[in-house]
Each structure stands twice: as structure tokens, then as C-alpha cells.
Amino acid sequence: MAGQLSSSLLLAVPLAPLAGSAIAGLLGTKFLGNVVGRKVSHTATILGVAIALVISVMTLMAVLDGATFNQDIYTWMQVGTIKLAVGFQIDALSAMMMCVVTSVSLMVHIYTIGYMAEDDGYNRFFSYISLFTFAMLMLVMSNNFLQLFFGWEAVGLVSYLLIGFWYTRPTAIFANMKAFLVNRVGDFGFILGIGLLLAASGTMHYGETFAQAEKLVGMTVPGIGWPLLTAACICLFIGAMGKSAQFPLHVWLPDSMEGPTPISALIHAATMVTAGIFMVARMSPLFELSDGALSFVIVIGAITALFMGFLGIIQNDIKRVVAYSTLSQLGYMTVALGASAYSVAVFHLMTHAFFKALLFLGAGSVIIGMHHDQDMRNMGGLRKYMPITWITSLLGSLALIGTPFFAGFYSKDSIIEAVHASNIPGAHFAYFAVLAGVFVTAFYSFRMYFLVFHGEERFGKAHAHDHHDHHAHDAHAHDKHGHGIEDPLAGHDSEPQHEEDHGHHGLAPGQKPHESPWVVTLPLVLLAIPSVIIGFLAIGPMLHGDFFKGVITVGENHPAMEVLREEFHGAVGMATHGLTSAPFWLALAGVVLAYYCYMVNPRVPAWFYNKFKFLHTLLDNKYYMDKFNQAVFAGGARAVGTGLWQAGDRALIDGLLVNGSAKLVGWFSLMTRTFQTGYIYHYAFVMIVGIMATLVYFFPFWR
């Protein structure tokens, strides 16, 4: 494959997971009578993803040797001069994304064997995650907007199915409907952006659209007069705000933790939520020509990076802490996009995929060991019971906070430096946000780490914070009952979080946690390796080499990447210099403060709570975004719907058209019935009157 890429082999990348999904979903469920069992289902799906991974790695190696591919595979239809086709554009960006998607997906598939072993929907779950892998691969491999939109909507649909996987729970149904509706808001902007570009350029292909970028700069939106390119880029980014959970369209992602933990790792760490980041990087030739769009991007990213991180501080649910961490890190990637450092954003996307998938799967391993209790206040001291989960989670946390020599350090530090060097309006606020976010990330990450793996063993007791009722007890209830940890900073989850319906959640008195089986711990170990080394290995070629040459466009008027190249003196030099930089000391301060608050002096959170209760209330209510959406958008929709039902349906359609026409017919029938007497002279009289009326009408006497 070094010389050229085969279309048949590339086609096998998305089709192999699709075939596995079909086997598990059709033959392994009631749909066709459970023809195959669990072993065949997970073998078929894992084999499909493994084939996709092998071909993806071969493709990446060929791309590194100079091979590219940009062809249509199948023409769906031709509408005038517009060609609608399925095609692949394989270059450094798409090949790297193919490897990330398939490698993380393979780890999740293996992990799922152990995690979902007791679930009745085992085969259905494997079918869903394999189908999701197919949809994501179609998205990242596309060479045109039509296929991009197909993959975009397909990952949204499958995420809806996965978030609501346990469909008997009201909370799961609420969460997947919320994700579906919020993403529709973003997708409306996304399709508007595609429509604007199609109307202006007359093509759906990326390359043909990019070739007309200079012409698009001088165009305006008809009837409005706005710069067309700026409007189109902002509309496209609104789609990314939905998929990549940017403020204010972020509200769906924390609630999506209602789904099983493997999909949290697959969808909400490595793949679906990064689709928006990938899309903007792919559209860099367009975004580079609009500083207005870049400014919008960098400000939205900065708000998300900082303010979503604050929410992670008060979470009790172990998965929700990681979920808010994902929101914050997505904000970092978006800030890099806005700073015109697209390659840095994609680099952080890659490193984040590994260490965040590791943290999600580590959280799932803890949940297994705790018999499906997710409340961190019921944990503590798990280090000696779950050594593999402990060490891999520690490595993931160190990567997340940007510890020098770990993967997250190279990408996160590059983002901070790129924003500092950026001249995009809003970059100063963004620099403050990402710098402050370093401290916040370190604090909530190691708050979780210390509460789960160190300190007093709080499990196997009659917990005040029963996992079935978060509303019945406040943060002080633990202290009153003599169990748990006194942490007034902890908030109250809006809905009970249950990982599985096994009747009992949490360890019984006297019961001890246990390490997870090898099918769970093996993916943790395999993900921990790139979480440590991938940044060190990849920073040179990806950011300062020719890896993205000809793929990502950066204008000469945006100096961030040039400044990074001038200051880069090798991966080792960057890490050693990082030990003296502000981000390192901020991260260290966050870790030390978390240790002091939760291991040395737990009275500090209580003092903070008493002094800043209003701030705690604000964070506990998630800035009242959910309540605002419920009151304004959901309430407004209900009001409009009720008005349309009352005025349109009941009054106009039922009242006037349906019932009104029936009453009119009835009244006319009642009037005509009076002439149906049965007497001949009455009928003769009516006939004479009718003849006279006809004569008068057609032959009026006044003529």
C-alpha cells in the first residue's frame, strides 16, 4: 500500500464493523430468533473492528510514505451539476482518526465482554457499539459534505440508542431524548452551513469547495448582507457545538452517563464528541479566511473549558466527574481551533482519546468492584483491593492534568502556548481560561483519585447516601450517621445514577471490593501505554513536522503555530522546561490542595461551603442551564404546542372544518327535510317555484 491506496481495502474499514453489527444485531437478538449466541456475537464484532484497525494502521503507514486517496466510491445521484456520492478522502488527518477510532473501539469491545456479562442485552449492545464504529468511520473518511452529514447523523442516532440502552429506566429515556433534541439544535445550524456552501460553490466535495474559498470571501448572504463565509463557518461550528458539547449546547453530555460505561468511553471520550473538532480541522481552509468565525470559536471554547471544569468539583458520581472533565477538555480543543492551531487541537484530540477512555473504563472497573455503586463517598482505600485499576487510573489522571512527559502534557501545554501567541480577538480571555482550567482540572481529578483509592474505607456500611435516593440526604448526612466522608462541596445529582438493575447496589456489610476480570483490566493496561508515551512520540511530526502538510491550512496572518515551532526544542526539552512553567505549578497546586482537603483536613471543604454557599448552589444547579432550558425552550414549546392544539386543532380543524361542516350539512338537511312531506301538491308547488327561479335567473324580465 506504500505507493497507492486500494479503494476495496479502504471500503473494508467501515464495512467490517457494519458486518459484525449485522451479525450480532440480526442473528443474535429476537429479531431473527437468537440464531447465534453471545460468543459468536462478540467474536464477530471484535473481529470486524480488529480488521478495521489493521487496515487503518496499514493506511496510516502508507500515508506516512506519501500515499493519498481522494475518490468517489459510489455515485448516489446527479442533480443538475451537483453530484451526490459516497467517497473517501484519505490523508494524514483521516488516517490518524481512523486509527484512534478503531483502536479505542477495539479496547471497548474487549472490555464489554466482562462489563456486560450479566446483562440480558449483551448481543444488542455489541451490535450498537459496532454500528457506532461504522458510522464514525464513514464520518472521518468522507470526502464530501453529504457523506459527512450521513456519518454525523448516524453517530447521533446510535448514541441515542446507547444512552437509552436500559430503556426501562425513566432517567435513561430522559437522557437519550435530551441528547437527541439538543443535538438537533446544533445539527440545524450544521445543515444550514452546508446549504450555504452548496448554494455558493455548487458542489458537495471538500476539495472543490476549498478551491473556491477566495471567491467565497467576497460573497454575502442574500437578503441579509452578512459575509457568507463567516455565516457558513459559524453555522458549521454550531453543529460542532452540539456534537462536541460546547456551551450552551453542552447540557446533554453529563446526563448521557445513564448509558453503560463502555459507551461513555467510546462515544463521550474518544469518538463522537470529537467529531466537531475533526470537522472544524477539516474545514480549516474556510475558517482561516474568517477571523469573526475564529473569534466566536475561541470564546465558546474558553467558556466551556473553564466553567465546565468548575462543575466537576462538586460531583459525587465517579462517571460524572469524568464527564465534566470531558466537557472541559473539549473546550481546550475548541480554543486551539479558534487560535488557528488546528493541528494542536487534533493532537490533543488524539492524546485525550486514550487517557480519557482509560479514565472512563477505569471508573467502570471501580463500579464493578463496588457492585455497581458509583458514589465516591462510599468508596475509599480501593488501592489495595484493585491494584491494576488503581495504577492505570493514576496514570490516566496524571496524563489528564498535564504532568510533564505524559501524553496530556505535550498537547495541553501546546494549546496554552498557542493561545498565548494568538492574535484572534478573544485570545486574552481564552488564555486566562485555559490557564485557570489547569488548576481546576488537577483539583477535581485528584479529588476523585483520593476519594476512590486512598483514605478511609467507607464501603460495606449502611450509607446515608443510598444510591437510590440522592434527594433524601444532604452532604452532612454522612457525618450524622458516622459513615462516609463529610464533603459539603459535593452536590446533589439531579437524577439517581444506576449503572445496572441488579437489585442491590453497593457492597454489603463486611463485603470487600475485588479486582475486575482480565477482559476489563487488559484494555486498561493497553490504553495506559499510549496515555503515557504517545505525546512524547508524536509531538514532533504532528505539530512541528510535515504530518499535516497540505491537509490543514494556516494563514500567514495567524502566527500561533509559527511561534510554537520556534520555541520547540524537542520533546525532552519541552518536558524539562515544563517543570518550571506556570501550568505545571498550577497543576501541582491543584493536586496538593486536593490532598490537603480530602486526606489531611476535611474541614476545609466545610469552611468553603459555609462561606460560599451561594456559589455551591450555583454549581450544584449547573448554572441553572437545565432549568432555563426547561422553562424557556421546553416551556415555550409546550405553550406554543398547547396554543396550536387549542386554536388550530380543536378550534379550527375539529371545531370549524370537521364538526362545523357536519353541523352545516345537518342544518341544510334539517331545512330540506321540511319539504319532504309526501303530498303531491307540495312537490308540484316546489317544482313550479324552482322553474320560476330558473327562468328569472337565466331570463330576467328586466332585460
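Reader: Where is the place of S340?
Author: Helices are DSSP runs of H or I, at least four residues, numbered from the N terminus. S340 lies in the loop between α15 (318-338) and α16 (342-369). This is a predicted model: local features need pLDDT of at least 70, side-chain atom pairs count only at pLDDT 80 or more, and totals for chains, interfaces and linings use all residues. Residues are numbered from 1 along each chain as its sequence is written, and side-chain values use heavy atoms, with hydrogens and water left out.

Reader: Does S340 count as buried or exposed?
Author: Buried means under 20% relative accessible area, exposed over 50%, partly exposed in between (1.4 Å probe, protein chains only). S340 counts as buried because its relative accessibility is 1%. Its phi is near 70 degrees, a positive value in a residue other than glycine.

Reader: What is phi of F405?
Author: Near 80 degrees, and F405 is not glycine either. F405 sits in the loop between α17 (387-400) and α18 (407-421). At 36% relative accessibility, F405 counts as partly exposed.

Reader: Which helix is W518 found in?
Author: W518 is in helix α21. W518 counts as exposed because its relative accessibility is 59%.

Reader: Which peptide bond is cis?
Author: The one joining F247 and P248, with omega about 0 degrees. P248 is in the loop between α9 (228-243) and α10 (252-255).

Reader: How is the chain divided?
Author: Domain bounds come from an automatic or database domain assignment. Here they give domain 1 (1-67 + 92-140), domain 2 (68-91 + 142-460 + 509-600) and domain 3 (626-698). Over C-alpha atoms, the centres of domain 1 and domain 3 are 60 Å apart.

Methods. Helix = DSSP H or I, 4+ residues; strand = E, 2+ residues; numbered from the N terminus.
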